[in-house]
Amino acid sequence: MDTAPAGHSPVWHPFTQMAIFDADPALVVERAEGNRLIATDGRSYIDGVASLWCNVHGHGRPEIVRAIQEQAATLQHSTLLGVSHPRAIELAERLPSLLPPGLTRSFFSENGASAVEVALKMAVQFWANAGKPERRRIIALEHAYHGDTIGGVSLGGPGRFRDPYAPLLFEPLRFDSPYAFGMAPGTTRAEATQRSLDSLRSLLERHAHESAAVIIEPRVQGAGGMIVSGEGHLAGVRRLCDEFDVLLIADEVATGFGRTGEMFACDLEGVTPDIMALGKGITGGYLPLSATVATERVYANFYDPGNQRTFYHGHTYAGNPICAAAALANFDVFASEDVLGRARERAGQLESLLAERVADHPRVGEVRQQGLMVGIELVADRASRAPFPAAARMGAQVCMAARERDVLLRPLGDVVILMPPLSIEAGELAQICEAVAHGLDAIPDALRLG
């Protein structure tokens, strides 16, 4: 088919098959209040995935909106290429107080994938600057996802996100994911975690001499299906990187700013990476901004009055002052309220609700949770873990059914994702879980293979 039907959506939506989009009931979000999105027809939906994992304190927080408005009236944009501005300076000064100790130097971009791309280039050039240009390979987890730029897609696992673009990509070295559900039945999370660390050690023993960095999504592999690693996995990766003198990059684009119950997933195990990529929640989810933050060791490697080791990378809107003002207001909310304590309380409530309403459903193979990040893996048969036929799009069907209960969700294949704003209310969590249960019960009889 060489032409699309006339009269359909003029917007080409990301990660969306437009033929299916045009056939589904239209949902156009016009405004938002608190934890809810309000469509053009006036119907209100709980924002069950925090507007793609980025909204932190709910929509319309007056402090953040006011900061945006005030900055927009003062300075809309000024380049950071050889010039600075007050909001970027303040943001770079304040970020380290939130981060694991030792991360001090901030390089700004506009989105999480760009922050990862920066981290990759930093790591490779770090070794070139050190006189070891052979150390250029990147080690990534199986089932990794690090965004949709060429570097990020290269790191991703085989499949629909990566395969069509193979001619453009580089091949990383891969070590086993701590994905217990994807292993033999009966494999515990602790066993899967140890298997992953053993796999990394084996890779480093053979390839450390040619490797620049290990990159991981700490504690939770988001787009891989909300794969939660066991306690000690992150610390174990850090120890191995130290032992073999390989840089550690932590991609905290999705896990950062309270999602896991701590400010950053690295805080769960007291780990400081050499480079950390941040995005999504850095502005509270209000405007596009990202940061790649490095230690003094990394930064000093590029500091050169002779101009031979300059980091040649940059984005037009890097550190945009309006975006930076939103980020600073976001930090103020964290400073003035017990956001993390509330998030941990809500995570406990969500865990109880899922156990009561979802976890034992015959179409649920596993519920994985870390803080307010949840993946519900759907199966056609619980005992055998047999998946549904891919063409059934069962995850999407469950999420569409959840809309009937005024909850907006988006799946990853047949993993239903729950990642509400940290400001979510207990009653809204109950409504989310009821909506998921409704969606599970709506699975067609023809697909009930158990």
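1. A disulfide here is a pair of cysteine sulfur atoms within 2.5 Å. By this rule, the count in this structure comes to 0 disulfides.

2. A word on the model before going further: it is predicted, with local features needing pLDDT of at least 70 and side-chain atom pairs counting only at pLDDT 80 or more, while totals for chains, interfaces and linings use all residues. Residues are numbered from 1 along each chain as its sequence is written, and side-chain values use heavy atoms, with hydrogens and water left out.

3. Back to the cysteines. The closest cysteine sulfur to that of cysteine 241 belongs to cysteine 266, and at 11 Å it is too far for a bond. Cysteine 241 is also buried, with a relative accessible area of 1% (buried means under 20%, with a 1.4 Å probe and protein chains only).

4. Cysteine 399 is buried as well, at a relative accessible area of 3%. For its sulfur, the closest cysteine sulfur is in cysteine 433, 13 Å away and too far for a bond.

5. Cysteine 433 turns up again in a helix contact. In H13, Ala426, Leu429, Ala430, Cys433, Glu434 and Ala437 meet Arg346, Gln349, Leu350, Leu353, Leu354 and Arg357 of H11 (contact means heavy atoms within 4.5 Å). The residues of this contact comprise 8 nonpolar, 1 polar and 3 charged, with Ala, Leu and Cys counted as nonpolar, and Glu and Arg as charged.

6. How do the two helices lie? The axes of H11 (residues 339-357) and H13 (residues 426-441) come within 10 Å and cross at roughly 30°. They are therefore roughly parallel to each other (angles under 35 degrees).

Terms used: Axes are lines fitted to C-alpha atoms, for helices over the stretch in contact, and angles run from 0 to 180 degrees between N-to-C directions. Helices (H or I, at least four residues) and strands (E, at least two) are DSSP runs, numbered from the N terminus. Angles under 35 degrees count as roughly parallel, over 145 as roughly antiparallel, 65 to 115 as roughly perpendicular and the rest as oblique. Buried means under 20% relative accessible area, exposed over 50%, partly exposed in between (1.4 Å probe, protein chains only).
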